[in-house]
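Colleague: Could you walk me through how to read some features of this structure? I would like the general idea each time, and then the case at hand.

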Amino acid sequence: MEGAPGRTFGIAGVMFVMWIGLGLAPPRPAVAQSAAQAADAEVTGGTLLVRMADGSVVPAPLQATDVELRVTGLVARARVVQRFANPVDAWLEGVYVFPLPERAAVDHMDLRVGSRVIEGQIQEKAKARRTYAKARREGRKASLLEQDRPNLFTTSVANIGPGEVVEVAIEYQETLRYDAGSFRLRLPLVAAPRFEPAVADAGTPAAAQGGAAAVPAAFTPGAPLVHPDDGPVNRVRISVELDFAYPIERLFSPSHVVFAEELAAGRHSVQIQDYADRDFVLEWRPAPGSEPRAALHAEPRADGEGSDVLLLVMPPDGGEPQRLARDVVFVVDVSGSMGGASIRQARAALRLALARLEPEDHFNVIRFNNEVEALFPASVPAREANRERARTWVDGFEAKGGTDMGPALQAAFAGDSGLGELRQVIFMTDGSVANEDELFATIASGLGRSRLFTVGIGSAPNAYFLRRAAKFGRGTHTLVTSPGDVQARMEELFSKLERPVLSDIEVFWNDEVEMWPERVPDLYAGEPVVVTARLVRSLGEVTVRGRRAGRPWEVRLPVSNGEPASGIGVLWARSKIASLMDSLAAGGDAGAVRGAVVGLALEHHLVSRWTSLVAVDVTPSRPEGEALRSGAVPANLPAGWDPGAVGVLPHGATPAPLLRLAGLLLLLGSALVLQRCR
């Protein structure tokens, strides 16, 4: 099987996996080092050190991750197991920030200590925090899973005893993405730093007041980043069981070396072992002639009132659609987080895009970081002289500064030439921003007749932002995982944008129905209609209609022929929650949205902005009077990122500054934990 170059594991890493895999605690020191001894010792850059009450310094809890993924038809079910090991003679609390797919419906958590398993319960966020804080104070084992953003979660584990290994398991499911003839499964493994525009006065972004510098947004709750030269942390093992309904022609990973075995026609086992410093991507292409043209999966509701269904309909074949003249605006992120491989990928993608323009097209190029700069005052004809000027400009792009997207989006939407051509804005970025909701509102209010197509660049792009921004922009999103991916992914995208396949799409059911999304966007070659719906009677048929080359087009499917599937109800609820959250950007009533989201999340046992999972042991484990120390689990910088651009501790920094940094991080982490527990 194909994949990206892997890496070998050192003896220490293998020993750590053995300790964790056998359920044993790593050897703990008889006596912790004193601060003076630690100052003389070799300290790995970026590791968080916890200063104890007696002044001694010890490492924060170690962490490793196992992921089991089962793919059945169009649905992927995942179980993510995180193991926290305490190597010292003290009671500790571990706090870990981790990413999940932006469309993940997180519905289960359990906490395991030895043979004891405590299942998580869904509660409103404030109540869950109080439950966790009470257990933490009383010395009981407890775990709290919270959604910081739709694709970023925090796990807190309280009262890890000396030498103990505590296991937290999280389960979620999502629908697969089908695009350009391939299915794609993406598992984020890096919680990349996010940037947020500085605020000069209350509620007003600094960029709107003259382009003040953007400042990096800290991790929540402030995990230290390991310098790439000091070696990665956080081992991850991923196992995928692929049970696909169609023969597979090609199975590969553009991100990792994978070990794959075909068990039967359409059934494969895939394994990887690596470190969490880049997202894992698995792709497979159905054999020619076996691509699904339409699929309907159904799950009866538990209350017996109808069913929940998942519908996929592929666009029609039948010759190449007519190429349309376009006005294309390329917007490129040149902020510091795009340093290294990411900016090289962006330059390569732009060169490909410029080469595909035809003389009847118009175009412009905009670059941004703290500031916005356009190559031309307005779109110009795609003559060779203009394209050559653009290529020269693009070749000089360097990554530096903050990520202030709002003014760049406004400039792209405001530059409409009014020529009547198909207007497309192609937005290239890693999406490492913290102000997503503000940007969604900017897109919703300023889009006009444009269509927004987002391109995620780098080893760990913010897929949530990229997908939702494209949805608000009535376009699509593309993720470029590695430098070797650039040409194939961008050619797929440009082929779509030059030739739209279906427009004015509507879905009709012969039933009482609640469908999400309510409005289906225009479709391009290789992309399916995908919706979830709740039906009352599960009778009749579903009809999908649209226009192809100006002529009517439709396909019909009997609802009764739907393939049985589990978990569709959870996916329907997650889609509805996402649409409700989107309504906030369009000025929806915040109180009404919150009430609806909380009701759905509690009914379907889902983590959301306002609900969390909490698991608490009934028996206290930390002896009364024993202090509890807290530390954030270290995280990797995404592969290919420039450490200096995001303030990572330099490789080879002296121990004394590192200890001062550790003390500061400990104070910040403790303050955040106390704030979370109020």
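Modeller: Gladly. Let us start with a term we will need: a residue is buried under 20% relative accessible area, exposed over 50%, and partly exposed in between. Keep in mind that this is a predicted model.

Colleague: Good. Into which of those classes does Arg474 fall?

Modeller: Arg474 has a relative accessibility of 27%, so Arg474 counts as partly exposed. Arg474 sits in the loop between helix 8 and strand 32 (477-480). Its backbone deserves a look too: phi of Arg474 is near 55 degrees, which is positive although the residue is not glycine.

Colleague: How should I read a positive phi in general?

Modeller: Most residues other than glycine have a negative phi, and most peptide bonds are trans. With that in mind, turn to Asn159, another residue other than glycine with a positive phi, here near 65 degrees.

Colleague: Where is Asn159 placed, and is Asn159 buried or exposed?

Modeller: Asn159 belongs to strand 10 (residues 152-160). The relative accessible area of Asn159 is 0%, and therefore Asn159 is buried.

Colleague: Which strand is joined to strand 10 by 7 bridges?

Modeller: That is strand 5, and the two run antiparallel. Strand 5 (residues 91-99) is mostly covered, with 9 of its 9 residues buried. Trp91, Glu93, Val95, Val97 and Pro99 point one way, while Leu92, Gly94, Tyr96 and Phe98 point the other way, and all of them are buried.

Colleague: Could we look at a hairpin next? How many residues lie between strand 6 and strand 7?

Modeller: There are 2 residues between those strands, and in this hairpin Gly114 takes a positive phi near 65 degrees. Strand 6 (residues 105-113) pairs with strand 7 (residues 116-119) in the antiparallel sense, over 4 bridges. Arg112 has Val117 in strand 7 as its bridge partner.

Colleague: Let us move to empty space. What is the idea behind finding it?

Modeller: Rolling a probe the size of a water molecule over the atoms shows where empty space is left. Here, the largest pocket holds about 1,300 Å³ of space. Its lining has 42 residues, with Arg467, Arg468, Lys471, Pro517 and Pro521 nearest the centre. Elements giving two or more residues to that lining include helix 8 (463-472), strand 36 and helix 10.

Colleague: Which element gives the largest share of that lining?

Modeller: Helix 10, with 8 residues. By class, the lining of the largest pocket has 20 nonpolar, 8 polar and 14 charged residues.

Colleague: How many cavities of 30 Å³ or more does a search of the whole structure find?

Modeller: The search finds 6. About 270 Å³ of space lies in the largest cavity. That cavity is lined by 21 residues, and those closest to its centre are Arg177, Arg184, Arg186, His477 and Leu479. Strand 11, strand 12, strand 13 (182-187), strand 23 (280-286) and strand 32 each supply at least two lining residues. The lining of the largest cavity divides into 7 nonpolar, 4 polar and 10 charged residues.

Methods. Residues numbered from 1 in each chain as written. Predicted model: local features only at pLDDT ≥ 70, side-chain atom pairs only at ≥ 80, totals over all residues. Heavy atoms only, no water. 1 Å grid on protein atoms, 1.4 Å probe; cavity = no way out; pocket = protein on both sides within 12 Å on 5 of 7 lines; lining within 4 Å. Points joined across faces, edges and corners; volume = space filled by probe spheres on them. Nonpolar A, V, L, I, M, F, W, Y, C, P; charged D, E, K, R; others polar. Buried < 20%, exposed > 50% of the residue type's maximum accessible area, 1.4 Å probe, protein only. Pairing = 2+ DSSP bridges.
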